[in-house]
Amino acid sequence: MTTALDPQDLHRIATTEAPTGIFLFDATGEVTFVNPRLCEIFGVHEEALLGQGFVRSIHPDDRDRAILRIAEKIAVGDGTASDYRVVRPAGEEIWIRVWARPVRDAAGRTTGIAGVLEDITRVRAEEEQARALEAKLQRTHKLESLGVLAGGIAHDFNNLLVGILGNATLAQMD
């Protein structure tokens, strides 16, 4: 016989076993909850994130954009994904994709942000590799076209030379 799990146990299991990072911010932007996968992605322990914001882990070049997007999500409730670079404590850069929405109370006031994120470093590398391959293919097509053009010009020039040499030979015979 199966025993039913209470909702809190289900919530705990779902968040701890999730393959994506899960987080909650309060209205001040401080982290109030992170799951183990998020800690793995950021390369830190839970204590390093709780009570703070993890915006400081975002790459300096992406930080202003991230802060602006967080403000947009709070104001508008936009649920679109955003990609950022994160700098892990060891200095390694990774790419993350974040989906977040505001958490509102019964009166409609924003009380925080709930979201998920995933490590997309490998995906970004594959996309970059595909772009590089496409650029190489385009260069190859350009060179191939140039070769065909040069071959055509050489053939036409050869046809002209045959006529000139033929006339020169006839002129020599005279």
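## Residues and overall form

A75 is a residue of helix α4. The model in which it is seen is a predicted one. With a relative accessibility of 60%, A75 is classed as exposed, because the exposed class covers values over 50%. A75 and T15 stand 60 residues apart along the chain, and their C-alpha atoms are separated by 26 Å.

Helix α4 spans residues 60-76, and two further residues of this helix deserve attention. R65 is found in helix α4 and is partly exposed, with a relative accessible area of 39%. Leaving aside neighbours within four places in sequence, R65 is in contact with D83 and Y84. From R65 to H11 the distance in sequence is 54 residues, while the distance in space is 32 Å, C-alpha to C-alpha.

D62 also lies in helix α4. Is D62 buried or exposed? Its relative accessibility is 5%, so D62 counts as buried; the cut-off for this class is under 20%. When residues up to four places away in sequence are not counted, D62 touches Y84, R85 and W95. The side chain of D62 reaches the backbone nitrogen of R85 at a distance of 2.8 Å.

Attention now turns to the loops. N35 is placed in the loop between β2, residues 31-34, and α2, residues 36-42. N35 has a relative accessible area of 1% and is therefore buried. Which residues does N35 touch, not counting those up to four places away in sequence? They are T15, A18, T20, G21 and I22. One of these, I22, has its backbone nitrogen 2.8 Å from a polar atom of the side chain of N35. The side chain of N35 also reaches the backbone nitrogen of L38, at 3.1 Å.

T28 belongs to another loop, the one between β1, residues 21-26, and β2. At 62% relative accessibility, T28 counts as exposed. The side chains of T28 and D26 are joined by a polar contact of 2.6 Å. T28 and I113 are 85 residues apart along the chain, yet their C-alpha atoms are separated by 9.9 Å.

H155 lies in helix α5, which comprises residues 121-173. H155 is partly exposed, at 48% relative accessibility. Between H155 and E144 there are 11 residues of separation along the chain, and their C-alpha atoms are 16 Å apart.

The table sets out the pairs of residues discussed above, with their separation along the chain and their C-alpha distance.

| Pair | Separation in sequence | C-alpha distance |
|---|---|---|
| T28 and I113 | 85 residues | 9.9 Å |
| H155 and E144 | 11 residues | 16 Å |
| A75 and T15 | 60 residues | 26 Å |
| R65 and H11 | 54 residues | 32 Å |

The chain as a whole may now be considered. How many helices and strands does the protein chain have? There are five helices and five strands. Read from the N terminus, the elements follow the order α-β-β-α-α-α-β-β-β-α.

The overall dimensions come next. The radius of gyration of the protein chain is 31 Å, whereas a compact globule of 174 residues would have a value near 16 Å. Along the principal axes, the C-alpha atoms fill a box of roughly 110 × 45 × 35 Å.

Of the 174 residues, 24% are buried; N35 and D62 are examples of buried residues. The accessible surface of the protein chain amounts to about 11,900 Å², and carbon and sulfur atoms account for 60% of this surface. Among contacts between residues at least 6 apart in sequence, 39% join residues at least 24 apart.

Finally, the protein chain carries 19 positive and 26 negative charges.

Note on methods:
Residues are numbered from 1 along each chain as its sequence is written. This is a predicted model: local features need pLDDT of at least 70, side-chain atom pairs count only at pLDDT 80 or more; totals for chains, interfaces and linings use all residues. Side-chain values use heavy atoms; hydrogens and water are left out. Helices (H or I, at least four residues) and strands (E, at least two) are DSSP runs, numbered from the N terminus. Buried means under 20% relative accessible area, exposed over 50%, partly exposed in between (1.4 Å probe, protein chains only). A polar contact is a pair of N or O atoms within 3.5 Å; within protein, one must be able to donate a hydrogen and the other to accept it, and residues adjacent in sequence count only if both atoms are side-chain atoms. Contact means heavy atoms within 4.5 Å. The radius of gyration is taken over C-alpha atoms; the globule rule is 2.2 Å times the number of residues to the power 0.38. Accessible areas come from the Shrake-Rupley method with a 1.4 Å probe; for residues, only the protein chains shown count as cover. Lys and Arg count as positive and Asp and Glu as negative; His and the chain ends are not counted. The place of a charge is taken as NZ of Lys, CZ of Arg, CG of Asp or CD of Glu.
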